[in-house]
Amino acid sequence: MSRRGRRDDPAKKTLRTDTAERLEAIVEAAERAAESVIDDAETQARRYLAQARAEAERQAGDRVAEFSQLIDTLLGQAIALQRDAERLQVTLEVAKDRFLDEREEGEQKEAELPSIERPAAAPRLRAVDEPEIRPEPVADPEPAPAPRSDPAGARLLATQLAVSGSSREEIAERLRIGFEIEDTDAILDAILGPEG
Amino acid sequence: MTDVAEGIGLEQTQALEERYLMRTYKRAPVDFVRGEGALLWDAEGKRYLDFLTGISVCSVGHCHPDVVKAVREQSHRLMHVSNLFYTEPMARLAEQLSDSSLGGRVFFTNSGTEANECAIKIARKHAHGRGVAAPEIVSFESDFHGRTYGALSATPGLATNEALGPMLPGFRSVPRNDAASLREAVGENTAAVLIEPIQGEAGVFPISEEALLAARQACDGVGALLIFDEIQTGVGRTGSLWAYEQTPVRPDVLTSAKALGGGFPIGACITGPAAADVLEPGDHGSTFAAGPVATAAATAVLALVDDPVLLRHVRELGAYLCERLRELDGVRETRGRGLMVGVGLEDGIDSAAIGADLLERGLVVNAPRPDTLRLLPPLVIDSDHVDQAVGLISESLLGFAQR
């Protein structure tokens with residue numbers, strides 16, 4: 001067998017070729033495996049990053065929600081305070097206007113008393129009072145007597161009237177009529193404060 | 001007082017009613033087509049001064065711009081989703097109602113009688129919680145609480161209609177203002193005393209302070225609830241936002257409707273803390289109630305009425321109206337509080353005839369009993385409106401005397 005013949009031995013040639021191909025396949029597989037490992041590592045890294053970012057965002061969101069809730073609570077309290085203040089202001093303004101009107105009216109009356117002309121059919125406006133609500137005409141039982149001895153009822157009536165915007169005079173009149181309390185100052189002072 | 005004619009006219013409207021509507025109402029022969037403030041116009045263009053406001057419904061005047069705006073804006077945004085979901089107008093209104101009255105919780109309804117049904121359920125369940133097997137509800141004779149069966153059973157004057165029987169069991173009544181009978185009627189089985197602080201349909205009769213105190217004490221004695229039906233007296237009608245504010249008692253539950261929506265149907269049952277948590281899921285409900293449009297309308301009404309200046313105006317103008325009325329020949333007395341006024345006429349004067357005559361003259365009132373006219377004008381009227389109305393009533397009484 002010559003060298004040439006040996007060199008061109010088809011069996012050996014096939015073996016070489018096979019080996020090269022196998023090596024190539026192994027290298028390719030190794031490369032693919034390496035790429036996959038790199039991809040997995042990148043994916044995991046991205047997932048960790050996303051989780052970390054989400055956790056950070058959640059914590060930040062919780063903080064924002066807490067602050068927002070706190071602000072809402074404070075805002076609600078501020079609105080309630082503002083509303084109370086507005087109601088108080090209106091009540092005081094009404095009281096002031098009434099006081100000024102009454103004073104002005106009193107001064108006018110004093111000045112114009114002899115010459116005043118008022119149509120008989122047009123009485124002045126004034127608050128509702130009870131004595132003019134006469135007993136009903138139907139065959140009811142005897143008209144109910146005034147609840148004379150119920151200090152708690154009298155205080156509650158006075159408080160509710162005050163809250164609903166009634167004047168000191170209106171409340172005093174109701175206490176005199178409904179409860180036959182002549183000296184209403186103690187109750188009124190306790191609820192409205194001493195008369196200025 | 002004539003303007004431009006509108007609509008199909010009275011005769012055609014009457015013909016349609018005659019053919020298609022159930023015959024449950026005896027209507028006055030007027031076909032109203034328009035309202036503004038204290039004024040109404042009929043289909044012929046005739047103008048009327050309204051001292052009835054649809055039985056104390058349009059208390060802020062007909063078609064008040066704020067109420068119209070609220071209804072218009074809300075109806076463009078959202079009209080109905082049911083109580084399966086949250087809506088902001090409902091929650092806001094509940095807050096307003098609770099904060100302005102008893103401080104508990106609110107159940108919304110579509111009408112006054114439904115609000116009383118809710119109150120009756122609360123009372124019965126509250127009593128069962130005390131171990132009462134057969135709870136009773138006590139009211140005054142001539143109280144009016146509504147026309148659904150629970151409310152009807154608590155309305156002694158109507159509950160006697162046997163054709164509609166049987167009524168619900170567990171209701172009893174005592175004479176109006178009879179404190180002793182009331183104390184006697186309230187016992188261990190009493191679930192609630194349900195009363196109007198001023199009886200409206202009966203002819204405007206304020207309940208005495210003694211009777212109210214007796215009701216409160218009797219309820220406290222047995223653990224029953226005191227329920228005020230403020231369907232007619234509430235929302236500023238008497239010169240305070242709620243009528244109980246001018247009494248020596250505070251109820252555990254109050255019911256509201258009529259003026260609450262300013263012309264839009266809505267009712268509410270409002271509790272204090274003691275009754276706030278009685279009803280639980282499944283105990284009560286409504287498809288339409290608490291709808292966004294109705295609650296938006298009511299929010300607008302409360303913004304107008306919960307105003308110390310307006311409420312003082314109501315008290316003062318009410319006093320002025322009564323004073324003017326008592327000067328008239330034919331008027332025996334006036335009853336009521338604020339702008340809820342019953343005018344007691346002298347013997348022999350038929351209030352229904354006067355009411356019909358006043359309608360002809362352009363003043364809308366009603367006659368809840370043969371000797372009484374009832375006046376429920378808008379809260380926003382002024383002394384000129386009062387003078388006009390008193391002038392018309394005077395002319396009518398004079399005409400009656402000359403017959």
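Predicted model: local features only at pLDDT ≥ 70, side-chain atom pairs only at ≥ 80, totals over all residues.
Gly362(B) is partly exposed, because 19 other C-beta atoms lie within 10 Å. For this count, C-beta atoms are placed from the backbone; 20 or more others within 10 Å make a residue buried, 12 or fewer make it exposed, and partly exposed is in between. Gly362(B) sits in the loop between α12 (351-361) and β15 (363-364) of chain B.

Residues are numbered from 1 along each chain as its sequence is written, and chains are lettered from A and ligands numbered from 1 in the order in which they are written.

Stay in chain B and find strand β14, residues 340-345. Helices (H or I, at least four residues) and strands (E, at least two) are DSSP runs, numbered from the N terminus. In β14(B), 6 of 6 residues are buried. Both faces are covered: Met340(B), Gly342(B) and Gly344(B) lie on one side, and Val341(B), Val343(B) and Leu345(B) on the other.

Now look at the strands that pair with β14(B). Two strands pair if DSSP finds at least two bridges between them. β13(B), residues 331-337, is antiparallel to β14(B) over 6 bridges. Gly336(B) stands opposite Val341(B). The two strands form a hairpin with 2 residues between them, and Gly338(B) in the turn has a positive phi of about 60°. β14(B) also runs antiparallel to β17(B), residues 372-375, with 4 bridges. Here Gly344(B) faces Thr372(B).

Move to chain A. The axes of α3(A), residues 151-163, and α4(A), residues 168-179, come within 10 Å and cross at roughly 155°. That makes α3(A) roughly antiparallel to α4(A). Axes are lines fitted to C-alpha atoms, for helices over the stretch in contact, and angles run from 0 to 180 degrees between N-to-C directions. Under 35 degrees counts as roughly parallel, over 145 as roughly antiparallel, 65 to 115 as roughly perpendicular, and the rest as oblique.

Next comes α5(A), residues 185-192, whose axis comes within 10 Å of that of α4(A) and crosses at roughly 140°. α4(A) and α5(A) are therefore oblique to each other. Residues of α4(A) in contact with α5(A) include Ile171(A) and Leu175(A). Contact means that C-beta atoms, placed from the backbone, lie within 7 Å.

Technical notes
Contact = placed C-beta atoms within 7 Å.
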